[in-house]
Structure formats: C-alpha cells, structure tokens
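Hello,

Here is the structure we talked about handing over. Please have a look, then read on for what turned up.

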Amino acid sequence: MEPGNNTRVSEFLLLRFSEDPELQPFIFELFLSMYLVTVLGNPLIILATISDSHLHTPMYFFLSNLSFVDICFTSTTIPKMLVNIQTQSKAITYIGCITQMCFFLIFGELDNFLLAVMAYDSLMVLRLSFCTNFKIPHFFCELNQVVQLACSHTFLNDVVVYFTVLLLASIALAGVLFSYSKIVSSICAISSAQGRYKAFSTCASHLSVVSLFYCTGLRVYLSSAVTPNSHFTATASVMYTVVTPMLNPFIYSLRNKDIKNSLKSNFGGNL
C-alpha cells in the first residue's frame with residue numbers, strides 16, 4: 001500500500017458480505033444453520049468412535065480428530081460474525097483480530113493434517129503498521145485481507161504466505177493424490193460391478209469435499225494479491241471455512257456403515 005500517516009490500531013471493521021439491513025437476518029440464519037450442523041454433527045463421529053471398541057482403529061482415530069478440528073476451525077470465525085450481526089456491530093479489536101488469525105491458521109493446518117507452520121506468518125502481522133483504513137471487506141480476519149490494509153511494506157509477508165501455502169499445499173496434495181491413486185487401483189481390482197460402483201461413489205464424495213477445500217483455499221491465498229476481489233474472496237472463504245466442515249458429518253458418517261451402526265446402537269436405532 002501507499003505510505004501514509006501511521007496510526008495505532010485499536011480495532012478493525014468487518015464489512016461482511018453485504019451492508020443491506022434487509023439481508024442481515026437471512027445471512028444470520030444461513031450461517032447459524034450451517035454452524036449448528038457442524039457443531040452438532042461432528043461430535044456424533046467423535047461419540048461413535050469413542051463408544052464403539054470396533055472403531056478403535058487408526059482410520060477412525062484420525063477421523064474423530066478431523067471432526068474435532070473442524071468444530072474448532074469453524075468456531076474461530078462464525079460465532080464472532082453472528083454476534084456482530086445480532087449487535088449490529090462491525091468491530092473486532094486488534095488483539096481479537098490477531099488471535100482469530102492465529103487460531104484460524106492453526107486449525108486450518110491441523111485440518112490439513114500438517115503442523116501449523118502458517119501460524120508463524122500471522123505473528124508477522126505484528127510488524128506491520130496501518131494507516132487510516134481499518135475496514136476489512138470480509139466476515140473474519142483472514143490473513144491476506146489484513147495484510148492488504150497495511151501502509152508499510154508487505155513484501156516479506158507476501159513471500160512467506162506464498163511460499164508456505166505452496167509448500168504445504170504441494171505436500172498435502174501429493175499425499176492426497178497418491179492415496180487416491182492407490183484407492184482407484186484397488187477399486188478397479190474389485191470383480192463385482194456393483195461393488196466398484198459403490199466404492200467409486202464413496203470415493204467421489206470424499207474427493208469432492210477435498211477438492212472444494214483445496215481449490216477455494218488456494219484460490220483465496222494465491223490470487224487475492226494479484227486480482228483482489230473482496231466479494232469473491234469472501235464467498236470462496238465460506239466454501240473452505242464453513243461448507244466443508246459442515247459436509248464432513250454427512251460424507252464421513254452417514255455414508256459410513258460402521259459409524260452408522262455405532263450411532264444406531266448408541267441412540268436406540270433412531271438414526
């Protein structure tokens with residue numbers, strides 16, 4: 001950004017998706033419903049895994065941890081947004097913004113089954129100085145949106161963001177692609193056509209959620225500095241911060257025979 005008068009930052013303003021008062025109830029109900037599905041659906045996976053000894057395997061251990069991280073991941077952003085809508089406020093304190101970014105990046109990387117290396121770059125935001133524009137065109141303090149408000153040089157921050165995103169994404173994607181290549185090979189070896197169809201159906205649903213998470217996340221962090229579009233960035237961020245954690249209970253539990261059987265035994269066959 002261009003140089004300007006440095007100002008001590010006390011708070012930022014989260015502009016969310018729209019300032020239209022008539023849309024606020026709809027946005028509140030939409031995000032509240034998605035958040036409730038996430039925080040009520042994912043614990044079912046954890047409960048099923050803990051209560052059923054047959055599910056005490058590495059796969060379900062990681063699945064239950066994924067469910068826990070998804071709850072935390074979504075909880076770093078949505079509650080603050082809902083509170084702001086209800087109180088008709090757009091403010092978030094400077095400390096609150098930094099804290100939100102740190103936990104968002106930590107849980108985001110844990111959601112990616114990797115160490116939270118990106119949390120280091122949110123600490124680098126502390127070295128930035130801000131001028132008079134404290135308005136964030138987003139519904140939470142996303143790292144790249146806050147960096148773009150700085151009036152000091154952000155070259156080092158941009159380099160660290162791009163390097164970290166590309167490094168972690170390439171490692172994670174390589175692991176995902178390798179795993180799915182082995183899965184496809186195993187599915188092709190199934191003699192039954194019905195068995196192959198069922199396996200491909202399950203695999204496709206898993207892959208669709210993984211693709212949604214990576215494609216929208218990478219697009220947000222790799223393209224926003226080159227072609228800034230606050231509306232698109234906010235919409236894409238919803239996809240990987242809210243929608244994918246919400247879909248996980250449906251993808252990994254309701255389509256999973258072992259999880260369904262465990263839930264039925266715990267809840268008296270009402271599911």
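Cys97 is buried, at a relative accessible area of 0%. This is a predicted model, so please read every value that way. Cys141 is buried too, also with a relative accessible area of 0%. The two form a disulfide, with sulfur atoms 2.1 Å apart. The link joins distant parts of the chain, 44 residues apart. Cys97 sits in helix 4 (residues 94-111). Cys141 sits in the loop between strand 3 (135-136) and helix 6 (143-147). About the S-S bond the angle is -125 degrees, which makes the link of Cys97 and Cys141 left-handed. The structure holds one disulfide.

Cys72 has a relative accessible area of 17%; the cut-off for buried is under 20%, so Cys72 counts as buried. Cys215 is at 52% relative accessibility; exposed means over 50%, so Cys215 counts as exposed.

Next, a serine. Ser237 lies in helix 9 (residues 230-254). Its relative accessibility is 0%, so Ser237 counts as buried. What does Ser237 contact, leaving aside neighbours within four places in sequence? The partners are His138, Phe139, Phe140, Glu142, Val220 and Val242.

Last, the annotation. An unreviewed UniProt entry places "transmembrane region" at residues 26-47, 59-79, 91-108, 159-178, 199-222 and 234-254. In the model, residues 26-47 are 100% helix and 0% strand, with end C-alpha atoms 32 Å apart. Residues 159-178 are also 100% helix and 0% strand. Their end C-alpha atoms lie 28 Å apart.

Best wishes

How values were computed
Residues are numbered from 1 along each chain as its sequence is written. This is a predicted model: local features need pLDDT of at least 70, side-chain atom pairs count only at pLDDT 80 or more; totals for chains, interfaces and linings use all residues. Side-chain values use heavy atoms; hydrogens and water are left out. UniProt positions are given in the numbering used here, feature names are shortened, and annotations may be inferred rather than shown by experiment. Helices (H or I, at least four residues) and strands (E, at least two) are DSSP runs, numbered from the N terminus. Buried means under 20% relative accessible area, exposed over 50%, partly exposed in between (1.4 Å probe, protein chains only). Contact means heavy atoms within 4.5 Å. A disulfide is a pair of cysteine sulfur atoms within 2.5 Å.
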